Structures are given as C-alpha cells and as structure tokens.
Amino acid sequence: MKGQTSSKRSLIDYMKCSPTRKDFEEALEPEVRIIKLTKLQKSHTVESEIDMLLSLAKNGIEQHAEHIVITLEGSNGQVKNPLNYPFYGFERLQGPPAAKSAVLMSLMSRISAIAKQKESCTIRDVFYMNVELYQNQQIVSDSLREIADAFQVTDLNELGIYAAQKGLCFTPVDLHFDIGKIIIHNQKSLVPLMSPSVHFSGDWLRVKRIIVVEKDAIFSKLVENASVCKDCILITGKGFPDWLTRHFLHKLMVCCPPRVEFEIYTDSDPYGIDIALKYTFNCVKTEYQCPRLTYRGVMIQDLLHDRNAARNGLQLLNLSARDFRYASNLLARLENTALKNSKKRVLTRELQRQMFYQKKAEMNTVHGANFAQYLLAKSHILK
Amino acid sequence: MSKLYISTANCGKAHETDIFGLCVSNPYTATVSGDGYIKLWQNKLLEGSMPKEHVLTKFVHKTGLHHVDTFHSLEQGGLEVFLAACVSFSGQLFLYSVDSTTGQFEELDLLSKSEKLKSYWCVKFFKSDDRTTSHKLVVTDVKGGTLVWDLNVFRQNGQNQDGEVPQDAAVAGEKDLHLVFLGEIPATEPKFATSVDVSVKGTVATGFQDGSVVVSQLQTLRPIYNFEGFGIKGTEASSGTVRDVRFSPLGGLLAVANDSGSYGSVTLYETQYGERVGNLTVPTHSSQNSIASFTHDGWVFGLSFNSTGEYLATCGYDGKVRVWDVKQRERVSTLNISAEDIEQEEDIVSQDEYGDSLKTPPVMGVSFIDKGVRGGIGGDTNEGITCVCLDRSVRWFREAGGV
C-alpha cells in the first residue's frame, strides 16, 4: 500500500481499498524513520553519535522521502513527546511544533561542529549563531539540556558548551589550575572555565578568608580597598549565582586548607538569604555547594544598631507583599533542606526578623555606605 | 510620682531563638518564639521554685511563631476554658485548648477550609463579660483584612439545655467550642495589617505597615476613624510602621506604637471623637539632632495598659521598659534591661552565636500583670510587669512597696 506504489495512486484508489476512515488515514500515513537519542555508547563520542544521527535524518528526508520522528529520553528515562518532521497527520496539530525539531537538529550540528574544531563556546554564542530560529536564549539552553539528558551526559560541558561566565573573582595570590592555566593575582577576573577534576594551587598561607558578596558594586569597592583584599579571595555571582560560580567556590573549598574562613554577605532581604542558601546548599549536586560557607550579613540588626542611621535617616525599606510571600515560602523550604542545623538557624533567624520587623535593607547602605569598613569591623568582633 | 519595680523572677534561655510574642492570663504567661514552640509559664510559683520547672511546652510549627494570645474564662456551671492561639511565620493560625490540671494541649480544628488558606499575621481574643454578647476572635491577614469570629463555648440550641437536669457530666458534654464567622473588615488597598486590638466598647483597631490605624465598629464591621502616623518620617518615607495598638481597659483611649525613623513613638487617641490626645515623649536635647519627640530610642514593639487604665507600659528596641502615667502623660518608671541580670548564670546570653552583643537586649513584648495573678510576696496587693527580650529571656517584675 505504501511506499513506491503510492505516488502512482490517486485518492480514489485509496478510498476504494479503505472501507473506513481509520483505514483510509492509515493508508495515507507516510513512511517514517524513527531516530532515537539514547544513552551514549562507550565507544562513541558525542561527535560521532551526532554525525550518525544527522546523516540518518538527512538520508531519510532526502533520499527516501521519509518523515523523521525524533524521540528523546528524559533524564528520568521516560520518553518525551516525539517530534515529527516534516509534520504530518490529520488531526489538529498535536505535540511540539516543527520549529522545535529544527532547533534540535541545528543545535546537534552545532555541537558536532564545536567538537570537530576542538573548541568550546557559550550558550550565548550558540544563540547568536541563529537568532531567527532560536528566538531566545532560554530555548537554546532548554534544548541543549534535553540533548544532554537524552545522551545521559552529566553536563553541558561534555557537549563543549558552557554557560556564559557571570561570576567575578579576585585573589591576592596567583592560583594555578588545570594545565598551565592561572588566575592572576590582584586583578578582577571572570570565574574561569574549569575541567571537572580541577585542582587549585597557590600560596594558601597568604589567604585568610574567602568572601562571597552578592553585589558586583560591593565587589568592586572591596577590590579597591587594600586592607580588605590583601589576604582575602573575593567572589561575586552578581545576584543569584550561576552553576559555574558555585562550582568554583566548591573547588576552592576542597583545595584550600581548613583554617581559611568562608563568608558570605548579601542584602538583608529574603532574596539575599536565598542567594546565601544557593551557595551553601542545593538539591542537585554536591559539586555545586559549599557547606563551609557562613552567612555573616548584612544582618538587619547591624543596620538598626547603627547609630549614624539616626542622623541620616533609617535606610530600611518596607517589606512588600511579594517579599513577604517569598520569605514565607523560603522559610518553609529552608526547614525542609538537609542543611546543617547551625547554618540553618542563622538563615531562619534572619528571615524571621525581616518578616517580624517587616523591613529589608540593602548591603550598600551599611556603615554609612562603606561596606569595607563594615567588613573590617565585623571581623574585629569575631576575633 | 515615680514608681519602682523589682524583679521577682526571670528565666534566661526560655526559648532556643528570638521570642516574638507575649501575653498574660490568670494561670499562665504565654510566650512564642522563632523556634516554633509555645510555652505557658505558670504564674503562681512557690517561693524558690524556678520558672523552667513549671512550664507547659508545645511544638507548633517549624517555621516559627510570632503572635500569641490566650483566652481564660470561667463559664456557666464552673466550666474553665483556657485557649491559646498563635500564628506561624507560614501564616497559619493554630488554636489550642489547654487543660490546666493535666497540662495537655488539644489542637482545635475550628477554621473552615477556605479560612485555613489565608495567610494570617496577628491574633487577639476578646473576652466578653456580658452574657448577651459572645466572645470574639479577631485575626489580621497579610493583605490587610481584619477577620472577626464569634467564639462560642456552648452548643447553640438552648432548648435541650433547659430541659435536662444540670448534671455535671451533662454540662461538660454540652461544651462545644466553635467559631461563627462574622465577616472581614477589608483594607482600602492591600497593605500589611501588623496589629489589632478589640475594646469593650465594641470597636476594633487595626494597625498597618504604612503607619495608618483604622478603628472600626465591631457590630457593623465598618471603619469609623482613620489615623495617620505622626512620627518623623525616615528618608525613605516608609518608616512609620505601626508595631502595636492597644485600647485602655474601658475603651476610652487607644495607644498606638509606631516607628519614627529609628525611634519609636507612642500616640494616644481618644476613641469617642477620634481626637489625638498627644504623644508620650522623653525629653531630648542634642547638638546634632533636631529635638525629636520619641517614646523610646528604638522601635516600640509592645504596649500594655494596667487594669485600671491609669498606666501604660511600653517596651522597645532600646532595651527599656517604660511605664507612663496616662493622665499626666509622664514617665513614672524606666526599667533598663540588661542581659546580665538573669539569675541563673549559665542562662545568660550576652552575645549570640554570631558575635552580636545582646548586653542590652531589645524588648519585644511587655504586659502588665494584674494583682493576684503572680502570687508570692506582694503579688496580691501590687501589680506587676512581664517582658520578653531578644536575649531569649522572660522577666517578671512587681511594683515595690506596700508589702
């Protein structure tokens, strides 16, 4: 019924030999080629696997006039909605749109090209290769994640694609890592891309604290302050941290001696607490968390106790309804995490105080808008 | 004339973390804390016994608790009712009936499904001494609404009750605690309702985050007065948050505590015509500041009238409890709280785990104690004061003299 003879038959022939509508539809169903993305075989590289899949698809469409159906396996082993290309069927459009197949194909060929050139590039780079097709970066990163899940590789990095670096770091000593790579001392640099088994080495004797701050602006101020940055590694994830910054912090934790203190300073609002939590703990992977990190501020009572505030007016803002809801949910989430109790308590306490006082504050305003001073004063108290 | 208060008992490390709520009823002083526990401290203690040995403890919610109120009443037939209501940081309202002989907490499930979905903040019971009007439960929610319920202790169908012989068992069997929802006083715009109080005159006062206070009729649930905050505004024009509202025992006055920048001010209003009576102020003079009128050098978290309405106790972030003569609007006493004055040395928390000093701990709640509640020397003839502080302590005081 199907195949080569089909081109010679007219619709009336089909109708004659299909008594029911169902039969008729089946008779008109085109030949399809099912392409499965499954776990990567040991002997195959991503590149060879993808090339094979792409050539299969190409042959199917060009030479056999077959439609292709791409099936992806999710990370949980379940098969997702198959993608048809070109689209066929009688009922109204069901399942993912055809554009999705195009995105997937185009990304696969991009991955293969990257592998061939033995390079790596960022999600953003990939997105800009074909803005018209991808439309937005989220689609690119989601689809890449789907491909990675289907191949069952742990990371996008194995596909040669990285998230754009967002975090910044500053170190008083040179940090050597991987082979011949180096984070140069006394200058701001992006959090570097690292191999999975990276090890940092440097003159750890000259590092006393590792300080993570929420904001870029505070980070820049601290870098300029010689008394702070002479013995501190500074890190910022610019708001909510990306995985790379978290991974970097984790690696530093593993590599540096136990006497080095890890501290985090964020805004005194529910989002700040969430950021601190994100660095310290996540449910996804231990390589992205830093349990040694201590939440040190900015505490809302630091601002309340600040006697200068009385003169300058209190730099506190009202907690909005949204902030309050966020805080309430975060509090419940926090209680359910497997975080160490002592770490959990300080975060819980700060959240409760913010909610009870119904106030929040930005870290910039502390100590007469001089964060470095605040930091030094705070470390003095601890000693 | 100044008054003197002396410490009668105190308890350090009363809770694991910050204590946010306090209220006093005849049998117990109730506290709630961020550690999720409600604790009922027995008021009548024998000489020499420690508060920690006479406390009822109940774990309520892991997100922590912030507001508490208790209800104690002797109903018809000598039925003793003791209820405790508290609100968790997740916005849930919890009601317990406590048996004072066994110390058992029984959780009451009195709210309907839709009522449970709301996010609550502040809770108050109103005990009616008039048989014809029922007790009330008033709760504010985070969207600014004030919800009012009738609190009925007995089953409503009266016929059954009259026909039967008033046997002890039968009377106890008729006890049927339930709530009848009366309605909600909505806020004009969504804003956080921080505090609430009910007067014997049948009015409800709700304080808001933006500094305004709305006084409404309980009968009709309609607003009558709207007071704006009077304190100096902070640079952000947002620091007038109302922290507590309290009616005087006869309902003639309303005291409002609100932020005034980093200071705290207390304003008195009379409730008949909604006029502002004045502020309670301590004299200030400074070369740097313009002369500010404030009640505490820090936010005021709690207010409490004594039973006659002559005195008002206020407490604040400055670690002080002040007692004011309401008529003269004059300070008659200041209690300076210090972390070191806790009796048991091992319970002193003068510095928390994170290195912050609690030497003069902020006072988060204050309440007068009626004569005869606390017992002990002078307990029957003198009034007392209790307060909770950020050093995780509860302190009880008694007015000096007359013993």
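**Notebook: chain A**

I began with burial. Of the 383 residues in chain A, 50% are buried. I note here that the model is predicted.

**Overall build**

I looked up the secondary structure next. Chain A has 17 helices and 15 strands. Then I checked how far the chain spreads. Its radius of gyration is 28 Å, whereas the globule rule gives 21 Å for 383 residues, so chain A is more spread out than a compact globule. I also took the box along the principal axes. The C-alpha atoms of chain A fill roughly 95 × 50 × 35 Å.

I turned to contacts. Among those in chain A with a separation of 6 or more, 67% join residues 24 or more positions apart.

**Surface and charge**

I looked up the accessible surface of chain A and found about 18,800 Å². Carbon and sulfur atoms hold 53% of that surface. Then I counted charges. Chain A carries 51 positive and 41 negative ones. Their mean positions lie 6 Å apart.

**The annotated stretch**

I went to the UniProt record. An unreviewed entry places the feature "domain: Spo11/DNA topoisomerase VI subunit A N-terminal" at residues 100-160 of chain A. I checked what that stretch is made of. Residues 100-160 are 70% helix and 3% strand.

I wanted to know where A:Y128 sits. A:Y128 lies in helix 5 of chain A, which spans residues 123-129.

**Helix 11**

Is helix 11 of chain A enclosed or open? I went through its residues, 270-280. Ten of the eleven are buried, so helix 11 is largely enclosed by the rest of the structure. The buried residues include A:P270, A:Y271, A:G272 and A:I273. A:D274 is also on the buried list, as are A:Y279 and A:T280.

**A:S201**

My last stop was a loop residue. A:S201 is found between strand 9 (189-190) and strand 10 (209-213) of chain A. I looked up its accessibility.

Which residues does A:S201 touch, leaving aside neighbours within four places in sequence? I found A:D174, A:L175 and A:H176 in contact with A:S201. I also compared A:S201 with A:P19, 182 residues away along the chain. The C-alpha atoms of A:S201 and A:P19 are separated by 77 Å.

Technical notes
Residues numbered from 1 in each chain as written. Chains lettered and ligands numbered in written order. Predicted model: local features only at pLDDT ≥ 70, side-chain atom pairs only at ≥ 80, totals over all residues. Heavy atoms only, no water. Helix = DSSP H or I, 4+ residues; strand = E, 2+ residues; numbered from the N terminus. Rg over C-alpha atoms; globule rule 2.2 N^0.38 Å. Buried < 20%, exposed > 50% of the residue type's maximum accessible area, 1.4 Å probe, protein only. Contact = heavy atoms within 4.5 Å. Areas by Shrake-Rupley, 256 points an atom, 1.4 Å probe, with all protein chains shown as cover. Lys, Arg positive; Asp, Glu negative; His and termini not counted. Charge placed at Lys NZ, Arg CZ, Asp CG, Glu CD. UniProt positions renumbered as here; feature names shortened; annotations may be inferred.
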